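Student: I have a model open and some terms to sort out. Can we go through them one by one?

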Amino acid sequence: MYRRKFLKLTGMSVSLSAIGTKVIAKTIINPPKQQNKPIVISTWDFGIAANQAAWNILSTGGRALDAVEQGVWVPEADPKNQSVGYGGLPDRDGFVTLDACIMDEFGNCGSVAALEHIKHPISVARKVMEKTPHVMLAGDGALQFALQNGFKKENLLTKESAKAWEEWYKTAKYQPVVNIENKLFDKVTPQKLPGNQYNHDTIGMLALDSKGNLSGACTTSGMAYKLHGRVGDSPIIGAGLYVDNEIGGATSTGVGEEVIRNVGSFLVVELMRQGYSPEDACKEAVMRIIKKKPDIAKNIQVGFLALNKMGQYGAYAIQKGFSYAVCNAQKNDLLISGKSYY
Ligand code: SD4
C-alpha cells in the first residue's frame, strides 16, 4: 500500500522523516507501461562484446541465466583481458585466483572464490548452484569440484600477465591506482603502463529475457597483486551481485572491500524496491560508501550498475569514467559513460 503511494509520486523528491533518518528519494520518472525486454547490460567497455554473446541467446527467446553465463564467457576467455578469467593478473605470489557468482530468477545462486586453473569460473559457479545444496565453494575445494564435473585444468597465467607481475614484484607495492578505469576508458593498453597500474576490473552482467525474467553474473580475477587467499566482493551474493526477480538486479565493480562492507548490490536492489530508479539506487549506494569512509573513497573507484524489472537501467560510480554497455533490439552494443560523484 505504502509502496504504491510512493510510486505514484513520480518525479518528486520525498522526505522519509517518518522512519527516523531523513532520506531524499527520487522515484522513477515516467515508468514505462511495458517492460523493455529483452535487454542485457554489463560493466566496462569489454561489456560490448560480452553483451553481443548474451544477445544471441536473448534475441532468440533464450533464458536470461544462459545469456549472462555465455555473455561473461567472452572476457573470461580473452587472454588480453587482464582482469577477468584467463590472462588475469595474479596475486602477489604469482597465482591467478578467480572469483565468480551467478543468480537466477528463482533466487538460486552459486559462487566460487579463489578458484585456480579453471578458465570459466562462472560455469563452475552455475554448477555449484545447480548440482549442490551449497551456494559457495572456495579454493582447493572449488577446484576439486570443478575437476570432478569435467572442467579442464589449465594454466591461466599468460606471458603478459607474468611479465607485469615480475615488474610489479620489483617494488611489490600494493596500491590500487586511483581511477584506473578512466585509463581503461581512454583505451590505454595495460602493456603501456608500469607494473601495478592495471589492478582491477570486473565484468558484472544483468539480463531481462523475453519472458520478463532476470538473472545476473559477475566474474573477475580480483584485485591484482592481492594477498594470496583474498576474496573480493564479486563472488559474494549481495555484495558483487544480487537479483530479485520481483524488483531488479545490481552488480558492482571496483574495490571490493568497500562493496562488501556495505552489502552494495543487495542495497541497490532494496532501494529499487522502495521506488528508487536504478541510477538513484546506485547513487545512494555509492553515497553510503563515501559517507562512511570519505578519506578512503576519495582514492578508490567503486561503481554500481542496476537493471529493474521494467528493463530500466542506470549506473553510478565514485570516480568518473565508469563505462557500461547496453544491448537491446534498438541499440546494439552502445557504450555509455556512467555518472559519478567526483
Ligand atoms: C574485487 N571488485 O576483487 C573486484 C575487482 C573489480 O573493478 O571489480 N575491479 O574487489
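This is a predicted model: local features need pLDDT of at least 70, side-chain atom pairs count only at pLDDT 80 or more; totals for chains, interfaces and linings use all residues.

Tutor: Helix 4 (residues 121–131) packs against helix 5 (residues 139–148) at an angle of about 85°, and their axes are 10 Å apart.

Student: Why is helix 4 called roughly perpendicular to helix 5?

Tutor: Angles of 65 to 115 degrees count as roughly perpendicular. The angle here is about 85°. Helix 4 is therefore roughly perpendicular to helix 5.

Student: Which residues make that contact?

Tutor: Helix 4 supplies Val-124, Lys-127 and Val-128, and helix 5 supplies Ala-142, Phe-145 and Ala-146. By class, five are nonpolar, none is polar and one is charged.

Student: What makes the charged one charged?

Tutor: Lys counts as charged. Lys-127 is in the contact, so Lys-127 is the charged residue.

Student: Why are helix 2 and helix 3 called roughly antiparallel?

Tutor: Helix 2 (residues 47–58) and helix 3 (residues 64–77) pack at about 150°, with axes 7 Å apart. Angles over 145 degrees count as roughly antiparallel. Therefore this pair is roughly antiparallel. Their crossing is right-handed.

Student: Which residues of helix 2 meet helix 3?

Tutor: Ala-49, Ala-50, Ala-53, Ala-54, Ile-57 and Leu-58 do. Their partners in helix 3 include Asp-66, Gln-70 and Gly-71. The contact divides into 10 nonpolar, two polar and one charged.

Conventions:
Residues are numbered from 1 along each chain as its sequence is written. Side-chain values use heavy atoms; hydrogens and water are left out. Axes are lines fitted to C-alpha atoms, for helices over the stretch in contact, and angles run from 0 to 180 degrees between N-to-C directions. Helices (H or I, at least four residues) and strands (E, at least two) are DSSP runs, numbered from the N terminus. Angles under 35 degrees count as roughly parallel, over 145 as roughly antiparallel, 65 to 115 as roughly perpendicular and the rest as oblique. Contact means heavy atoms within 4.5 Å. A crossing is left-handed if the near helix is turned anticlockwise from the far one by less than a right angle, and right-handed if clockwise.
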